[in-house]
Amino acid sequence: MAGAAGPGTGPGAAGGDGDDSLYPIAVLIDELRNEDVQLRLNSIKKLSTIALALGVERTRTELLPFLTDTIYDEDEVLLALAEQLGNFTGLVGGPDFAHCLLPPLESLATVEETVVRDKAVESLRQISQEHTPIALEAHFVPLVKRLASGDWFTSRTSACGLFSVCYPRASNAVKAEIRQHFRSLCSDDTPMVRRAAASKLGEFAKVLELDSVKSEIVPLFTNLASDEQDSVRLLAVEACVSIAQLLSQEDLEALVMPTLRQAAEDKSWRVRYMVADKFSELQKAVGPKITLNDLIPAFQNLLKDCEAEVRAAAAHKVKELCENLPPEGRETIIMNQILPFIKELVSDTNQHVKSALASVIMGLSTILGKENTIEHLLPLFLAQLKDECPEVRLNIISNLDCVNEVIGIRQLSQSLLPAIVELAEDAKWRVRLAIIEYMPLLAGQLGVQFFDEKLNSLCMAWLVDHVYAIREAATNNLMKLVKKFGTEWAQNTIVPKVLVMAGDPNYLHRMTTLFCINVLSEACGQEITTKQMLPIVLKMAGDQVANVRFNVAKSLQKIGPILDTDALQEEVKPVLQKLGQDEDVDVKYFAQEALSAVAQRLRKLDFPAKDSEEPSTPGADKNHFLRPGGPGEDTGKGPAYQLHVNTRDTLAQLEIAELVHFSQSRD
């Protein structure tokens, strides 16, 4: 740290009394002065350890003054320090001495870096709760006043976050001073200070008396909402929510609504965006009467705003607005005052607006009921399903269940299914993926007969898609469908079609057959797996493509637990042993892995496995690391030599060898 105390001064003397137990603490303290930033940062993070070693007295009299005097450092070090000091009350002697932490935090609250100031303010707010009312007025309030009247804007912005924590417990005279300081910050010459004051206006209003809110906070809100800087005005909109919750309907209408109407039509799109973004909170705060008279017309204007960002923000709030309307007359209000504007947004020129609307529009069906959904909303859903923007289509597909609850699957399939089938063949693979993920739910609702007629061919077509993610999802989709419709349906409908792909000229499609067998075997059970799937897998062991052959080995390992012992011993094992001699190194590896798993399963089933049938390749049996010598056998080597070396697990086995060697050498 620049400006750090020299050696032999400050708390570094802790280790100078010759006590070896304090040496690590002395090192940490010395690191506080080190030129290396990382060392200083590490030491700051262990500040509580240093304080514990020094004791509360020396922490107060030596460590804290040292930290206060050396507050010129890298931002990451200061950030860590600000965070540490927030939890330091117990290390300085408890709440009675909490005020000792204020000087270093006051310095940190004035630095240039915003994140450091914010963390210092957060710690100060935390410590303020540990002050007694007397200590608060004696130590904390003067700190807030100093910050609020500081020369640099950094200290004044920090002060804005501290008024609300010290106001409730202050005396009336001090409360008046605090309000005066806050008023002066709200009209500060520096925009950054006014921004900070505007962001804390709502929070401060919540701790004030109602009369003070009306007489002081509302005028401040009005001034900030008409500030020349739009960054200040938009923060005033956020404060409006908190202020509105505190006032009666009459006071709201007279004091707040004129300003809010003005904000909804502000010349800056950022302010209008903030109104749209906070619309649901504003709606709840002002109540149903003002919503109908003032907010609905304002919302209509936001939905047709000239800026796409504002329209998108408003579109996101359509469902929440409708849900929060009073139940009586809600349907009429939506149909007459909201829906016409929604219809225009469906064909908006900006894709973000359409996407925002698509993410919430399906939720209106539960509010409007079956007839209105079929007559008014379904045409909008269809239009969005055919939209050129993938995100719009995706958002509609993802929320189909909302509509299904209202109009039923038959109506849904008649109106939306053709569009869904079209999307299943969409050029964008993410759209196809979304349809696949929705398919099990759709299938369960349609029923097996309807599914086989309309969607079965789609599910099979996805298995040969050119995108791997689609083929993988289609494979998992089949497993879910089998669980829904049963093994008999799988045996008659799915399995034959999957097995036909084993002879496909494209090796990727042949591999997909194996992937399907991996997941279907679990769902279909032993009989179907053994009779229909296993012969195909074994036949594919002779495939000319190595990738297919090693996936055969992986598949045999996967379906092994489902097969009976006869199939494992007589059919699976010979094939795996043959693959274990394959010329391709990957095929050999996966075959040996599968052989090991099969042998283990046979042992569990107490099936007599001959020694000659165990994997003979060195390292294939991973269940035995050490091979003890026979009677009278002398290898002439230490225990580390008596080890089967497996190149794939060399590190783990060498560690075991070392353990054996060292334990014997100690004997």
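This is a predicted model: local features need pLDDT of at least 70, side-chain atom pairs count only at pLDDT 80 or more; totals for chains, interfaces and linings use all residues.
A residue counts as buried when its relative accessible area is under 20%. Ser 212 has a relative accessible area of 9%, so this residue is buried.

Ser 212 sits in helix α13, which covers residues 210-225. Setting aside neighbours within four places in sequence, Ser 212 is in contact with Arg 179 and Ile 217. Both of these partners lead to further features of the model.

Let us follow Ile 217 first. Ile 217 is touched by Ile 243, as are Leu 201, Ala 205, Val 218, Phe 221 and Val 256, when residues up to four places away in sequence are not counted. Ile 243 in turn belongs to the largest nonpolar core, a set of 217 residues, where Ile 243, Leu 520 and Leu 556 have the most contacts inside the core. The helix that gives the most to this core is α14 (residues 230-246), with ten residues.

Now for the charged side chains. The structure holds 24 salt bridges, and three of them are set out here.

| Salt bridge | N to O distance | Location |
|---|---|---|
| Arg 194 and Glu 228 | 4.0 Å | helix α11 (Arg 194); loop between α13 and α14 (Glu 228) |
| Lys 319 and Glu 323 | 4.0 Å | helix α20 (residues 318-323) |
| Lys 531 and Glu 527 | 3.2 Å | helix α33 (residues 526-539) |

The pair Arg 194 and Glu 228 joins helix α11 to the loop between α13 and α14, so it ties together parts 34 residues apart in sequence. Arg 194 is buried, at 7% relative accessible area, whereas Glu 228 is exposed, at 67%.

Lys 319 and Glu 323 lie four residues apart, about one turn of helix α20. Lys 319 is partly exposed at 28%, and Glu 323 is also partly exposed, at 39%. Lys 531 and Glu 527 are likewise four residues apart, about one turn of helix α33, and both residues are exposed.

Finally, the wider view. The protein has 37 helices and zero strands. Of its 667 residues, 51% are buried. Among contacts with a separation of 6 or more, 67% are between residues 24 or more positions apart. The accessible surface comes to about 31100 Å², and carbon and sulfur atoms account for 50% of that area.

Key: Residues are numbered from 1 along each chain as its sequence is written. Side-chain values use heavy atoms; hydrogens and water are left out. Helices (H or I, at least four residues) and strands (E, at least two) are DSSP runs, numbered from the N terminus. Buried means under 20% relative accessible area, exposed over 50%, partly exposed in between (1.4 Å probe, protein chains only). Contact means heavy atoms within 4.5 Å. Accessible areas come from the Shrake-Rupley method with a 1.4 Å probe; for residues, only the protein chains shown count as cover. A nonpolar core is a set of buried Ala, Val, Leu, Ile, Met, Phe, Trp, Tyr and Cys residues joined through side-chain atoms within 4.5 Å.
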